[in-house]
Amino acid sequence: MTTNPELLARRNAAVARGVGHVTPIFADRAENAEVWDVEGKRYVDFAGGIGVLNTGHRHPRVMKAVMEQMERFTHTCFQVMPYESYVELAERLNKLVPITGTVKSFFLTTGAEATENAVKIARAATGRQGIIALTGAFHGRTSLAMSLTGKVIPYRKGFGPGLPQIWHVPMPIAHYGVTVEDTLKHFSFLFRADIEPSQVAAVIVEPVQGEGGFYEVPAELMRALRRICDENGIVLIADEVQTGFGRTGRLFAMEHYDVEPDVMCVAKSLAGGFPLSGVVGRASIMDAAEPGGLGGTYGGNPLACAAALAVLDVIDNEGLLSRANEIGERIKVRLEACSRRNDVMPIAAIRGRGAMIAFDIMRSRGAADPDPEATRLVVKRAYENGLILLSCGIYANAIRILVPLTASDSVIDEGLRIMETALVAT
Ligand SMILES: Cc1ncc(COP(=O)(O)O)c(C=O)c1O
């Protein structure tokens, strides 16, 4: 039997250091919300491959759709010889996104490609260059996506100055003392100091920041962003790569707001474990690029499109939107109770929509002093005891839960028990 330490030694010798790893455990097989490692040990999965598995590992319906597609063809390149599943997926997403009027889509492979392409389209449509993002944002690791990302370590450190014409305004986070008013003040400083609004192509925003710490954009700010965009002919891009496909209790997190984006980036749980991303938006903007300017060899791969069509059916047939809300409530109740215990680490700011739940670990109760070391310890204790758990946040002190929405109550409770044990202060 190959062991985890043996594989870890081979990994460290063969794989570049910059590819981080949360656990030293090597996967052997997985089913719904459970994973087994190469040594046969079982884990509850609260990470879902970083928000990719809202429909769980190997959902039978997704597997069947992919198997059937595999029997027919696995690749032609949509730009060379198109296929129906790609078109059908575009048709379905165009109807499902919270954007009124005529909507068009196209598909890529990764979330970073989706954000990059959304920016390219906004630039082509407006003839402008400037892009505004928020601090703490994560939009990917490729050059343009990295420049949109609002966190230096580890995403930007050592990789140069980033691309020009990209600015960040502060993300309001109440318990770290940043308000919506602060964000809006920064917009007006930016428009006076660095770029006229008439030169800005797009504002890009995650409705709930993912890597940044599961902080939600307040409704007041989302409305203000829409107003700034409308007054100045700017494209509003919603990055729903992590929030999409039921995670927040609606199909898309933008449905929690009374404003519409112009363009949306989707990926991760769209295809239940197969690499697929997309850009969806108002046809007038989406059609701005010249034929051939968008796409990619693997974009909208037929296996991934088959998976995505099945994922949309599963979300609908299994009532996963209401299940996300139930799961979120279940987790929050347990966390609230845990936060009142004297024997656990100081937990603050239990938050989240639907099943996109996070909380912060602090050095002391009632103070804004993040504890990233304790957070790392909780993640380590969790996997040692059979739970795959992720941290996040600008101060690396948030624990986030991205359990599959198909997980049973008993598996979720088992995971929560392990997490509570990991939180006990030593
Ligand atoms: C909101 C958001 N945008 C973009 C990305 C980048 O996606 P990928 O890692 O597939 O390039 C991520 C990944 O975590 C994300 O959470």
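1. Strand 1 (residues 27-31) and strand 2 run antiparallel, joined by four bridges. For the terms here: strands are DSSP E runs of at least two residues, helices are H or I runs of at least four, and both are numbered from the N terminus; two strands pair if DSSP finds at least two bridges between them. This is a predicted model, where local features need pLDDT of at least 70 and side-chain atom pairs count only at pLDDT 80 or more, while totals for chains, interfaces and linings use all residues. Residues are numbered from 1 along each chain as its sequence is written, and side-chain values use heavy atoms, with hydrogens and water left out.

2. Have a look at the turn too: strands 1 and 2 make a hairpin with two residues between them, and asparagine 32 in that turn has a positive phi of about 50 degrees. Glutamate 31 has glutamate 34 in strand 2 as its bridge partner.

3. Strand 2 (residues 34-37) sends Glu34 and Trp36 one way and Val35 and Asp37 the other. All of these are buried (under 20% relative accessible area; exposed is over 50%, partly exposed in between, with a 1.4 Å probe and protein chains only).

4. On to strand 3 (residues 42-45), which pairs with strand 2 in the antiparallel sense over three bridges. Valine 35 stands opposite tyrosine 43. Four residues lie between the two strands of this hairpin, and glycine 40 in the turn has a positive phi of about 90 degrees.

5. Elsewhere, methionine 222 sits in helix 8 (residues 219-232). Methionine 222 counts as buried because its relative accessibility is 0%.
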